[in-house]
Amino acid sequence: MIANRISGNIISDSFSDGKLNVPIEFEWFETDKKRMRKVAEDGTEFGIAVGKTIKDGDVLAETDDKRYFARIRTAQLIEIPVHTMKEMGRLCFELGNRHLSLKVEDDRVLVPYDHPTMEYTKKIGFEPHIVEGGFDGFLIVKAHAGSGTIVPGTNKTTGDLAEEQEEAERHIPHSHEAPENHEHHHAHDAGHDSGHMHDSDGVYEMNGVLHRADGMHSHDGGHTWHTH
C-alpha cells in the first residue's frame, strides 16, 4: 500500500467507526524522511511518502476495517536538567557546536544517548542521566555530512543518512506512476560495479551487494540485512 498523507491522529482525535488500529513502527530518526518502506504489525507493506514529519499516532492509511498509524519507538536518551536561562543558553551552545539532534523543554534538554556526549556534559558542569522515552519534536542538524547523532545499529550519523537520502532522491531516474508494491528487477554484467537504484527508498546495488540509506546491507538479495 502507498501512504502519501496523514488523515488524523489516534492520540488527539476520536474515532467511533470500530476499525482496528494497527501500528507501523518508526525509529525517531526516520520520522523526517521523505520516502521509506515499512511493514505494519499485521504484515502489510507500505511505501511511506507523506511529505512531512511523522508524529506518534499519525494515521497514515485506512482500509474498510483497519486504521494504520505511526508508533514512534522509544529511545535511550540523555536527560540534562537545567535550572536557569543562563544554563540553558550555555548548554544549547555547547551541544550546537557538536551538531547534535536535541529536544528542548522548559527545564531540561534531551539528546539521544552516546557515551562521549554523556561524559562531555559532565565535564562542563551538568548532571546528565540516562532515560528511556520518546524523542519527537526534536531539532536536527542536516547541513553537513558527518554531523548529527550516531544512529543505533550503524556507524553513521543522522547527518550522513540525511545527505545519502538527498543524494538518492536526486538520482531517482523516473517520475512515472507505478502500481503499489511495484519493484524493478535488473540483471547485471559481472564487470558492472557502479551503484544502481532499485526503488525510491534509497536501496541500491554495488558489486552484487544491496545497500540501504540507513547503513545496512544484504548479501542475499534483501532477505536479511546487517552491518559490519
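Colleague: Which residues of helix α2 (residues 115-123) are buried?

Modeller: They are Thr117, Met118 and Thr121. Buried means under 20% relative accessible area, exposed means over 50%, and partly exposed lies in between, with a 1.4 Å probe and protein chains only. Before we go on: this is a predicted model, where local features need pLDDT of at least 70 and side-chain atom pairs count only at pLDDT 80 or more, while totals for chains, interfaces and linings use all residues. Residues are numbered from 1 along each chain as its sequence is written, and side-chain values use heavy atoms, with hydrogens and water left out.

Colleague: How do you know that the buried residues of α2 line one face of the helix?

Modeller: Look down the axis of α2: its buried residues fall within an arc of 105°, so they line one face. The arc is that of the directions from the helix axis to the C-beta atoms. The face turned away from this buried side carries the exposed residues Pro116 and Lys123.

Colleague: What covers the buried residues of α2?

Modeller: The cover includes β7 (75-81), α1 (85-97), β9 (108-112) and β10 (129-133). Helices (H or I, at least four residues) and strands (E, at least two) are DSSP runs, numbered from the N terminus.

Colleague: What reaches the backbone nitrogen of Thr117 at the start of α2?

Modeller: A side-chain oxygen of Asp114 comes to within 2.9 Å of it. A polar contact is a pair of N or O atoms within 3.5 Å; within protein, one must be able to donate a hydrogen and the other to accept it, and residues adjacent in sequence count only if both atoms are side-chain atoms. Just after α2, Gly125 takes a positive phi of about 100°.

Colleague: Which residues is Asn9 in contact with, leaving aside neighbours within four places in sequence?

Modeller: Phe15, Lys55, Asp56, Gly57, Asp58 and Val59. Contact here means heavy atoms within 4.5 Å.

Colleague: Why is Arg35 called partly exposed?

Modeller: Arg35 has a relative accessibility of 26%, so it falls in the partly exposed range. This residue is in the loop between β2 and β3. Arg35 and Ile48 are 13 residues apart in sequence, and 5.5 Å separates them from C-alpha to C-alpha.

Colleague: What makes β3 (residues 36-39) and β4 a pair?

Modeller: Two strands pair if DSSP finds at least two bridges between them. Four bridges join β3 to β4, and these strands run antiparallel. For example, Lys38 stands opposite Phe46, and Arg37 has Gly47 as its bridge partner. Five residues lie between the strands of this hairpin, where Gly43 takes a positive phi near 95°.

Colleague: How many bridges pair β1 with β4, and in which sense?

Modeller: There are two bridges, in the parallel sense. In one of these strands, β4, Gly47 is the bridge partner of Ile2.
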